[in-house]
Amino acid sequence: MVIDAKYDGAQWEESMKLLATDVDNTLTGDRAAYSSLVALLSMHRDVTIAYVTGRDKIQMFEIMAGECLREPDYFLCNVGTEVYEGPDYRRDDAWTRHIDRQWDRLELHQALATIPHLFQQSRQFEFKQSYHLFRKADVVIPEIHRRLNEIGIEHKVVYSSGTDLDVIPKRAGKGEAVDYVRKRLRIRPRSVLAAGDSGNDIELLSAGFLAVVVGNHKSELNADALPEDVYWARENYAAGIIEGIEHFGFLKP
């Protein structure tokens, strides 16, 4: 993991906390619940907010406008392959250099082009190659690993909702990106609360932070996929985040 040159592991910002939340169907989905969450967080200025999403930055601005979301302190976009810090949301070049190791998207595309049942999506990004996979995941995903390992591309496969498959650099991912921000801010792991609802949140929810799964989560998130100390909220969407905050006493001094 990249650590800022000024970082000293013995010095922690004891009062600081980080809320790292997925956006679609976790933060969004119930505007009244979201408003209650914003009101709660507004009373605690020591909480840094990070939106952790599979979407790109432009889509996030559109969602924020459409859903009337508050601006976060960080965007962690494209499944943790891009980090942007507010207020101007410039891309973090140190993170980009960190994940750009043994990665060649052209070679990757060529290697996977002939795999049956794997269909390339129309929008692609430098560090996220996206596909549709509707069937035979138990066969296709091992074949992806085999082909990419054979040509030396260090990678991860993120599969969610039974349809969406992303191939990203090995050092990237939602959990890795949040941990990068956490270390830059000198926040302890258990002063981070992660929230999610689907398969592409598994790494985030398993990264050693406090973690809550909202009540409307997809079936691919189950007890077998996540650590035992993850909290399973009964409430849906942002109300589930609030429930997790209360369960962990996250906002208490």
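## Second largest pocket

The second largest pocket of this predicted model has a volume of about 230 Å³. A pocket is an open set of points on a 1 Å grid over the protein atoms alone, with protein on both sides within 12 Å along at least five of seven lines, and lining residues have an atom within 4 Å of a point. Grid points are joined across faces, edges and corners, and a volume is the space filled by probe spheres set on the points.

Strand S8 (155-160) and helix H7 (202-205) each give two or more residues to the lining of the second largest pocket. S8 gives the most, with 4 residues. Helices (H or I, at least four residues) and strands (E, at least two) are DSSP runs, numbered from the N terminus. The lining divides into 6 nonpolar, 3 polar and 3 charged residues. Here Ala, Val, Leu, Ile, Met, Phe, Trp, Tyr, Cys and Pro count as nonpolar, Asp, Glu, Lys and Arg as charged, and the others, Gly among them, as polar.

## Basis of the values

This is a predicted model, in which local features need pLDDT of at least 70 and side-chain atom pairs count only at pLDDT 80 or more, while totals for chains, interfaces and linings use all residues. Residues are numbered from 1 along each chain as its sequence is written, and side-chain values use heavy atoms, with hydrogens and water left out.

## Largest pocket

The largest pocket has a volume of about 510 Å³. Its lining has 26 residues, and Gly54, Arg55, Lys128, Asp164 and Asn200 lie nearest its centre. By class, 2 of the lining residues are nonpolar, 13 polar and 11 charged.

## Cavities

A cavity is a set of grid points where a 1.4 Å probe fits but cannot get out. The whole structure holds 2 cavities of 30 Å³ or more. The largest cavity has a volume of about 50 Å³. Helix H1 (31-41) and strand S2 (47-52) each give two or more residues to its lining, and the largest share, 4 residues, comes from H1. The lining of the largest cavity has 8 nonpolar residues, no polar ones and 1 charged.

## Arg147

Arg147 lies in helix H5 (residues 137-150). Arg147 is buried, with a relative accessible area of 18%; buried means under 20%, exposed over 50%, and partly exposed in between (1.4 Å probe, protein chains only). Beyond its neighbours within four places in sequence, Arg147 is in contact (heavy atoms within 4.5 Å) with Ala111, Leu112, Thr114 and Ile115.
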